[in-house]
Amino acid sequence: MTTSDVPNLDALLRHFADLRDGIHGGSVSRPDKEEHFRTAARLLDPYARQALGELNDELLLGQGVIDASGVQRADDRSLFHAWTLWWDEQSAADIPPVTLYAHYGASFHHPHLRGATVSEWPLNVFDDAQAAAELPTLRAIAAADLHNLVFERDFRIVPATMAGATGLPAHQH
């Protein structure tokens, strides 16, 4: 299997190659990388809204409100774009909304995504179909773990990055 069969691993390998090569999207300068971030936020917008909309429709019975901040600059000079899903019970409980958060920290080499509170995922699997349905979640958790390990150390812990892989599908190398 090539990485092109697993798109989220292609993205992760591009991420590690950027660290190795000192670039992001072919850019070296902070202003150029910030422009890439602005483009990425625009490209992510319909998908972030879709993911939150599906959650709203299915689990909140359409009672939620989706907001998007647009790209903003924080006091520390970082950039961010947040998509949030608010609803009455969440607001009354004084807890954060469901959040998809794209950010480009002032001292970061490149941008990242995160949630407001994500750290645990429930495991309620009782048959093969339920197990198969968890594959996207398992992929995301595994990729996030590897990313966090790189964040704790550096990209050199990933053999494919050190072997010169670019994160492009094999047919595009």
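Which nonpolar side chains form a patch on the surface of the protein? The views below take up this and other points.

**View 1. Leu 146, Leu 149 and Ile 157 form a nonpolar patch on the surface.** Together these residues have about 230 Å² of accessible area. This is a predicted model: local features need pLDDT of at least 70, side-chain atom pairs count only at pLDDT 80 or more, and totals for chains, interfaces and linings use all residues. Residues are numbered from 1 along each chain as its sequence is written, and side-chain values use heavy atoms, with hydrogens and water left out. Patch residues have over 30% relative accessible area and no salt bridge; like charges are joined within 9 Å, and nonpolar side chains (Val, Leu, Ile, Met, Phe, Trp, Tyr) within 5 Å. Accessible areas come from the Shrake-Rupley method with a 1.4 Å probe, and for residues only the protein chains shown count as cover. Look for Ile 157 in the loop between helix 5 (135-152) and helix 6 (159-162). Ile 157 counts as partly exposed because its relative accessibility is 43%. Buried means under 20% relative accessible area, exposed means over 50%, and partly exposed lies in between (1.4 Å probe, protein chains only).

View 2. Helices (H or I, at least four residues) and strands (E, at least two) are DSSP runs, numbered from the N terminus. The elements run α-α-β-β-β-α-β-β-α-α-α from the N terminus on. The C-alpha atoms fill a box of roughly 50 × 45 × 30 Å along the principal axes. Of the 173 residues, 31% are buried. The accessible surface is about 11,200 Å², and carbon and sulfur atoms hold 58% of that surface.

**View 3. Arg 14 lies in helix 1 (residues 7-21).** Arg 14 counts as partly exposed because its relative accessibility is 40%.

**View 4. Asp 21 forms a salt bridge with Arg 20.** Side chains of opposite charge can pair when their charged atoms come close. A salt bridge is a side-chain nitrogen of Lys or Arg within 4 Å of a carboxyl oxygen of Asp or Glu. Here the closest N and O atoms are 2.7 Å apart. Asp 21 is partly exposed, at 43% relative accessible area. Arg 20 is partly exposed too, at 24%. The structure holds five salt bridges.

**View 5. Glu 34 meets Arg 30 in a salt bridge.** The N to O distance is 2.9 Å. Both residues sit in helix 2 (residues 30-59), and they are about one helical turn apart because four residues separate their positions. Glu 34 is buried, with a relative accessible area of 12%. Arg 30 is partly exposed, at 23%.

**View 6. Arg 73 also meets Glu 34 in a salt bridge.** This time the N to O distance is 2.8 Å. Arg 73 lies in strand 2 (residues 72-73) and Glu 34 in helix 2, so the pair ties together parts that are 39 residues apart in sequence. Arg 73 is partly exposed, with 31% relative accessible area. Salt bridges with shared partners join Arg 30, Glu 34 and Arg 73 into one network.
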